[in-house]
Amino acid sequence: MWSKASVRADAEVRTAQADVESRRQIVKTRITELLGIKYPILQGGMAWVAECHLAAAVSNAGGFGIIGAASAPPEVVKEQIRETRKLTDKPFGVNVMLMNPNAAQVAQIVVEEGVKAVTTGAGNPAQFMPLWKEAGVKVIPVVASVAMAKLMERAGADAVVAEGMESGGHIGSATTMTLVPQVVDAVSIPVIAAGGIGDGRGFAAAFMLGAEGVQMGTRFCVAKEAITHEKYKERIIRAKDIDSEVTGMSHGHPIRCIRNQMTREYVRLEKEGAGLEELEQLTLGSLRKAVMEGDVTGGTVMAGQIAGLIHKEQTCEEIIQEIMTDGSRLLGVEK
Ligand code: TUI
């Protein structure tokens with residue numbers, strides 16, 4: 001016989017269990033499901049920075065590590081994929097930068113090497129969609145507008161990264177705060193928020209806007225496992241809130257980076273009406289110079305506006321655990 005008290009106790013336990021289950025479901029989103037990862041945190045495909053060591057460290061920590069193909073020759077991308085496989089048995093992806101003249105070859109390598117997912121940047125990846133979809137590669141274009149998000153959904157994208165202009169590197173014009181909820185309302189596929197997210201508060205805020213995951217670049221740029229030159233990391237660590245500058249507005253390719261001698265000269269030339277060729281002279285190889293050689297004065301120090309919030313170098317494990325602990329507490333969900 002069941003006593004009334006034990007029935008009530010049972011019901012209470014069941015309610016508590018259901019509560020925990022529903023809470024669990026919040027950090028387990030369509031993005032963790034899609035990518036087969038523990039935490040809905042993706043690492044940006046930063047040129048020169050997002051190589052095998054960083055990608056593997058992020059994936060090993062439960063996030064989604066990404067190799068940034070940027071302008072690397074296709075053979076280098078292939079080698080990076082193989083190196084990453086040696087360092088992790090977890091899923092990882094490749095970012096295909098669409099302004100790269102070798103993008104088509106990189107797109108093919110991703111398929112041949114059986115990469116789980118691609119993200120794309122700085123353009124429309126529609127021409128590669130059939131190739132990737134047929135091969136079962138998950139496709140997550142980075143978009144900077146609602147129109148592009150809708151176009152990508154119609155083309156068969158599995159998710160989109162909605163990237164606000166707080167981001168480092170090549171940016172659009174909408175902020176993360178305004179872009180993410182508008183993209184969430186416009187598409188049915190899951191949305192990952194990027195731009196200006198660097199801690200658990202940013203993670204929670206993105207989820208409140210309807211995102212089901214976040215992508216971070218600047219925070220991972222200073223990760224212990226990142227090969228970023230120490231001077232580049234130090235520059236991000238000592239950056240203040242308004243230390244970044246946008247170059248290239250005049251010719252429609254805005255790039256956010258930390259203000260330095262190079263950006264001052266660039267902006268001065270832009271104001272004088274300099275042509276693209278002259279401006280490009282100033283930035284030729286300048287990102288490599290900053291990331292690899294530590295030239296943070298004459299080089300391009302791409303970083304997002306959240307750099308001012310980043311105070312120390314930590315391992316990817318520490319970064320992800322800290323964000324998940326703080327973010328889940330703020331959202332009132334289980335990690
Ligand atoms: O791609 C990025 N950020 C990047 S790529 C990059 S590599 C580079 N290096 C030196 C000079 C220039 C580039 C550095 N940072 N983020 C993703 C992103 N994609 N942000 C904005 C967009 C975007 C913009 C326009 C996506 C689609 C788009 O569509 C235009 C079209 O084709 O209609």
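Predicted model: local features only at pLDDT ≥ 70, side-chain atom pairs only at ≥ 80, totals over all residues.

I count a salt bridge when a side-chain nitrogen of Lys or Arg lies within 4 Å of a carboxyl oxygen of Asp or Glu. Residues are numbered from 1 along each chain as its sequence is written, and side-chain values use heavy atoms, with hydrogens and water left out.

**Entry 1: salt bridges**

I looked up the pair Arg 201 and Asp 199, and their side chains meet in a salt bridge at 2.8 Å, N to O. For burial I use relative accessible area: buried is under 20%, exposed is over 50%, and partly exposed is in between (1.4 Å probe, protein chains only). Asp 199 is buried at 12%, whereas Arg 201 is exposed at 53%.

Next I checked Glu 272 and Arg 268, which form a salt bridge at 2.7 Å, N to O. Here Glu 272 is exposed at 55%, and Arg 268 is partly exposed at 39%.

Then came Glu 212 and Arg 30, a salt bridge with its closest N and O atoms 2.7 Å apart. This one links distant parts of the chain: Glu 212 sits in the loop between helix 9 (200-208) and strand 9 (213-216), Arg 30 sits in helix 2 (residues 30-35), and the two are 182 residues apart. Helices (H or I, at least four residues) and strands (E, at least two) are DSSP runs, numbered from the N terminus. Glu 212 is buried at 16%, while Arg 30 is partly exposed at 42%.

I also found a network of salt bridges linking Glu 230, Lys 233 and Glu 313.

**Entry 2: the whole protein**

I get 15 helices and 11 strands for the protein. Of its 335 residues, 50% count as buried.

How does the radius of gyration agree with a compact globule? With 335 residues such a globule would come near 20 Å, and the protein has 21 Å, so the two agree. The radius is taken over C-alpha atoms, and the globule rule is 2.2 Å times the number of residues to the power 0.38. Along the principal axes, the C-alpha atoms fill a box of roughly 85 × 45 × 40 Å.

Last, I looked at contacts (heavy atoms within 4.5 Å). Among those between residues at least 6 apart in sequence, 62% join residues at least 24 apart.
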